[in-house]
Amino acid sequence: MDPKTRSEIDPDATVADAKQVRDATEASPPLACPPARWDEDAKESRDATEASLPPAHWEELEPPELPSSRPPPAGDVSCPVCLERIPAGASRCPECGELTDGAERSARAPSVPDAARPSLFAMHWRPLVTIGAIMAVIGTGWALRYLAPHRFAPSRAASPVPPPVPVCGAPCWSGESCQLGRCVWQRPNDVGHLVDSPSIAGPFSLPKDTFDALPLDRDRFAVALFSGLEVRSARTGEALSLVSEAPNVRRLYRVGDVVYATSPSRIYVIDVATTRLLKTIELGESVGDIVVGASGRRVLASLPGAHAVAILATEYHAEIERIQFGDDPVGPVAVDDSGSRAITTTGQIPLYGQREPSGGVAYPFDPSRLGSDQDRVRTSMVGNPASALMVPDGSAGFVALRAENTLVPLTWLPSGAVRQEARVTTCREPEQMELVRRGRRALVRCNEGRAIQVFDLEKRELLRAISFPGRAVDMAVAPDGAQAVVALSGDGAGPGSVALIDLNTYAAKVHPLGGEPLRIRLTPDGGTALALGARAKAWVLR
């Protein structure tokens, strides 16, 4: 019910309500408004109250004490705390009891205390706890390290740093590996050599028209005849089969899994396992010498009558190129493992009683290029260059002068030219050179010198000379590089023999035969040797 309606019913209640409103107004805090505004609001409230009351009750209303907007008298001042008027010069306000002097009041604690400010630890306890935990961990580790066993024992010397593994300065040969700065030849697992005391089977009588013989395996060997290629037993010497499609065979060469049988104008390709004729390579000229190079993929055949060297591909057994050498009847051939450098010479071994040829020429060439692209390098070799040898990497070559008893080293220059180095003296009549990959050595067989000489191919100096009681007529090196087999002639004083030379100790062991051996051949695994002698005799050594 609003005050107007209530006053109409009960005037006394209206007076009571007015007093109640006044008391609430006095108890409420002063409004933050200007004094003039305050007076106007109070006057309007009083007028409204009087209008709601009868005139008889107007005197009962007491005007509220409102703060005056007028300035206080000159002798009074306002309290800085409660804003009440107090006498001038009073040190304490009679209304609120606060000191009126600002400086003195600020020195004392306020009557109403301020809110308690948090301490430094309360505001920063998290980082302090984190730093404390870190310091505790560090301190614990230091304490454990300090209290560890043998803490104050003398420190042990640090293990020395191993020196760097040396590397090989120059590329290694094919079949070698670099070990501790040196190129070491790795022997294949499926090759070997003859035992010191081999069993000798024979002599086996062969047909009178025998030109050559070659062991095929441990149980068979092939014989070159006018009638064809004959296969015989290595245990009994009996004929097993005849390849009549390959007539007039002169020399036999092992080329991988086949045999190249040469004739006056062609080469027969015969399979070793089945002894079947695979192909005939027509050359039109007789073959002087055959050498296998380029990892078995190429065969070089010299054609003395055509003054050329034929390049044969073993993949399909065909002639792919022929290189001409003017009017010189070339003979011995040597080639490196890559098939990019080779040497052919015009020397030859004279038959017994014939005159020694005095001249000679050596031709370095590149078998991998066409004949029309060859560099014509003709090197004079006065002294019958009867044999040639190429190192596997093709960096150097050697030519044996039979009439001069010397070796002529040849070095390939970056420009492609070939330079002759200082000659090396050998024993009398060097006729054959064989490469020993193990140790990078070369064996030189001397006919009249009755010896085998071992040369270091890198230092180009003589390592050892091995003498024999008879002439060394032929020589073969085992595929493992540990042994050399030499056919020795008796020179009419006795039967011939076969010498087994240990290439590690250079010890020679001689095994006599019942005749004069002329040629010596080995199987690819080195475990069997065939000695072909004069008067159509053959011996098999296992």
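Me: Where is the place of Thr528?
Reply: Thr528 sits in the loop between strand 35 (517–522) and strand 36 (529–533); strands are DSSP runs (E, at least two residues), numbered from the N terminus. This is a predicted model, in which local features need pLDDT of at least 70 and side-chain atom pairs count only at pLDDT 80 or more, while totals for chains, interfaces and linings use all residues. Residues are numbered from 1 along each chain as its sequence is written, and side-chain values use heavy atoms, with hydrogens and water left out.

Me: Why is Thr528 called buried?
Reply: Its relative accessible area is 4%. Buried means under 20%, exposed over 50% and partly exposed in between (1.4 Å probe, protein chains only), so Thr528 falls in the buried class.

Me: What is Thr528 in contact with, leaving aside its neighbours within four places in sequence?
Reply: Its partners are Leu194, Asp217, Arg218, Arg521, Leu522, Thr523, Val540, Leu541 and Arg542. Contact here means heavy atoms within 4.5 Å.

Me: What makes Arg251 and Asp212 a salt bridge?
Reply: The term asks for a side-chain nitrogen of Lys or Arg within 4 Å of a carboxyl oxygen of Asp or Glu. The N to O distance of this pair is 3.2 Å, so it qualifies. The structure holds 17 salt bridges.

Me: What does the pair of Arg251 and Asp212 tie together?
Reply: Arg251 belongs to strand 10 and Asp212 to strand 6 (residues 212–215), so the bridge joins parts that are 39 residues apart in sequence. Arg251, at 26% relative accessible area, is partly exposed, whereas Asp212, at 0%, is buried.

Me: How do you know that Arg402 and Glu431 meet in a salt bridge, and are they buried or exposed?
Reply: Their N to O distance is 2.7 Å, which lies within the limit, so the term applies. Arg402 has a relative accessible area of 5% and Glu431 one of 9%, so both count as buried. Arg402 is in the loop between strand 23 (396–401) and strand 24 (406–412), and Glu431 is in strand 27 (residues 430–436), 29 residues apart. Salt bridges with shared partners join Arg402, Glu429, Glu431 and Arg445 into one network.

Me: What makes a group of residues the largest nonpolar core here?
Reply: A nonpolar core is a set of buried Ala, Val, Leu, Ile, Met, Phe, Trp, Tyr and Cys residues joined through side-chain atoms within 4.5 Å. The largest one has 17 residues, and those touching the most other members are Tyr260, Ile267, Ile281, Leu283, Val287, Ile290 and Leu312. Among the elements that give two or more residues to this core are strand 10 (251–255), strand 11 (258–262) and strand 12 (266–271). A second, separate core has 16 residues, including Val454, Phe468, Val477 and Ile501.

Me: Why are strand 31 and strand 34 said to stand at the edges?
Reply: The open sheet has 4 strands in the order 31-32-33-34, with antiparallel pairing. Strand 31 (472–477) and strand 34 (508–512) each have a single partner strand, so one side of each lacks a neighbour in the sheet.

Me: How do you know that strand 32 and strand 33 pair?
Reply: Pairing needs at least two DSSP bridges between two strands. Strand 32 (residues 483–488) and strand 33 (residues 497–502) have 6 bridges, in the antiparallel sense, so they pair. Val486 has Ala499 in strand 33 as its bridge partner.
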